[in-house]
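Here is a short briefing on the backbone and helix packing of one protein. Look at the sequence and structure below, then read the points by topic.

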Amino acid sequence: MAQRLSIFPLAGALLFPRAQLPLHIFEPRYRALVSDALARDRRIAMIQPRGPGEPAPLFDVGCVGHIREVERLDDGRFNIILDGITRFRLLRELQVTTLFRQVEAETESFGDADAPDALPSIMRAEIEREARRFADSRGVAVDWTEVSRLDDETLVNAISAIAPFDAAAKQALLEALTLVERADLLAQFLGFFRRGDDDPATLQ
């Protein structure tokens, strides 16, 4: 069944089911979005824009988030934390009078309600190995002991969210239907972008 969602288009900001996303809200239209969400069901749908424009064109898939924590600042800004609920597929954009954009979307095709099975051990090891190489290539210090304690879904989604990939790569990770598919893509992207440090490239 189609449902109405209020959207926050933000390039590079990925939200996954069972993951969290902190956001600082300062633009008037998104302050209005948060205020509206708090007055209704606390839901905000995150989605990446495909490129520039006003309104910017959107990718087809995003993720619905539930406002878990909110800090209202004196000047009207917000600091919020979203809990990822489920991915959605955009069906059409709605004509609205609100400052923020709204869409009609469906969520049934993703099956995000249940946590995925664990990754094969060889795939988990590959992700950690490629992540180490990528971090070393960027001079980023990481507590790998803490990383090793993360469950597979948290590890894969956290790296996918924070890695400095381009929008197309991040979108491919979000749209991967299973955790195994996302982990396989992530390992490829970590290697691709690490090797591209001397010759920057983007994924098209």
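**Backbone and helix briefing**

R42 is found in the loop between α1 (28-39) and β3. The model is predicted. The points below start with this arginine, then turn to another loop residue, a proline and a pair of helices.

**Positive phi angles**

- R42 has a phi near 65 degrees, a positive value in a residue other than glycine.
- R42 has a relative accessible area of 26%. Buried means under 20% and exposed means over 50%, so R42 counts as partly exposed.
- R18 also has a positive phi, near 70 degrees, and is likewise a residue other than glycine.
- R18 sits in the loop that links β1 (3-9) and β2 (20-25).
- R18 is partly exposed because its relative accessibility is 37%.

**A cis peptide bond**

- The peptide bond running from E54 to P55 is cis. Its omega is near 5 degrees.
- P55 belongs to the loop between β3 (43-47) and β4 (61-72).

- Helix α2 covers residues 121-138, and helix α4 covers residues 152-162.
- The axes of α2 and α4 come within 11 Å and cross at roughly 35 degrees.
- The crossing of α2 and α4 is left-handed.
- On the α2 side, R124, I127, E128 and A131 make the contact. On the α4 side, D152, L155 and I159 take part.
- By class, the contact of α2 with α4 has 4 nonpolar and 3 charged residues, but no polar ones.

Note on methods:
Residues numbered from 1 in each chain as written. Predicted model: local features only at pLDDT ≥ 70, side-chain atom pairs only at ≥ 80, totals over all residues. Heavy atoms only, no water. Helix = DSSP H or I, 4+ residues; strand = E, 2+ residues; numbered from the N terminus. Buried < 20%, exposed > 50% of the residue type's maximum accessible area, 1.4 Å probe, protein only. Axes fitted to C-alpha atoms, helices over the stretch in contact; angles between N-to-C directions. Left-handed = near helix turned anticlockwise from the far one by under 90°. Contact = heavy atoms within 4.5 Å. Nonpolar A, V, L, I, M, F, W, Y, C, P; charged D, E, K, R; others polar.
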